[in-house]
Amino acid sequence: MESIRALADEVEKFGEHVESLKRKIDELFKKLEEKERALEEVKSRLLKVEQEVLEVLRKLKEKEHELSELRHKIARHRKLLTEADSPREYEVLSEQRRKLVERAERVSKEIEELRQKYRELTFEENRLLEEEEKLERELRNLKRDYQFYLRELERLMESLKGRICQVQERFSL
């Protein structure tokens with residue numbers, strides 16, 4: 001009778017241990033799913049930021065090219081001003097040059113804004129890359145823990161099977 005009670009206690013302990021492992025496995029599985037969703041979200045945001053960076057760089061290159069052309073035009077107008085034959089021609093060239101200088105100042109300001117936007121985007125990109133790396137590391141650790149608990153559950157089940165065989169032999173079942 002005592003051996004049956006001891007056996008019942010042992011089976012109950014096995015059951016408690018199995019339930020405990022099952023809860024841990026379920027918890028880890030939920031955390032894994034959450035981390036995977038978070039990682040996908042970060043990757044999506046990272047892709048958008050990378051596309052924005054490329055777009056800003058394209059615009060920056062265009063504006064720098066435009067500014068270079070404006071500087072050449074301003075220099076040409078400066079030379080033409082020294083060669084102007086009449087006050088009217090000088091006045092027209094001077095007005096054209098003034099407009100070119102204003103436009104160059106606007107383009108220069110746009111370039112500075114684009115550079116600032118580029119700095120902000122690259123900062124955000126680096127932050128997202130760090131977050132992605134952190135999430136990948138956490139995901140690897142969770143997967144490792146998940147596999148550990150699955151193996152532990154398998155080991156426990158094998159132990160339980162062995163114990164059942166022993167009991168069957170002992171009681172000739």
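1. A residue counts as buried when its relative accessible area is under 20%, as exposed when it is over 50%, and as partly exposed in between. In this predicted model, tyrosine 146 has a relative accessible area of 17% and is therefore buried, and buried residues make up 21% of the 173 residues in the protein.

2. As to overall form, the secondary structure comes to 2 helices and 0 strands, and the C-alpha atoms fill a box of roughly 125 × 15 × 15 Å along the principal axes. The radius of gyration is 37 Å, whereas a compact globule of 173 residues would have one near 16 Å. Of the contacts between residues at least 6 apart in sequence, 88% join residues at least 24 apart.

3. The aromatic pairs number 2. In one of them, the ring centres of phenylalanine 29 and tyrosine 146 lie 6.1 Å apart with the planes at 35°, so this pair is tilted. Because phenylalanine 29 belongs to helix α1 (residues 2-82) and tyrosine 146 to helix α2 (residues 87-170), the pair ties together parts that are 117 residues apart in sequence. Phenylalanine 29, at 40% relative accessibility, counts as partly exposed.

4. Phenylalanine 148 and tyrosine 149 have ring centres 5.2 Å apart and planes at 75°, so their pair is edge-to-face. Phenylalanine 148 is partly exposed at a relative accessible area of 43%, and tyrosine 149 is partly exposed at 21%.

Definitions and conventions:
Residues numbered from 1 in each chain as written. Predicted model: local features only at pLDDT ≥ 70, side-chain atom pairs only at ≥ 80, totals over all residues. Heavy atoms only, no water. Helix = DSSP H or I, 4+ residues; strand = E, 2+ residues; numbered from the N terminus. Rg over C-alpha atoms; globule rule 2.2 N^0.38 Å. Buried < 20%, exposed > 50% of the residue type's maximum accessible area, 1.4 Å probe, protein only. Contact = heavy atoms within 4.5 Å. Phe/Tyr/Trp six-rings, centres within 6.5 Å; stacked < 30°, edge-to-face > 60°.
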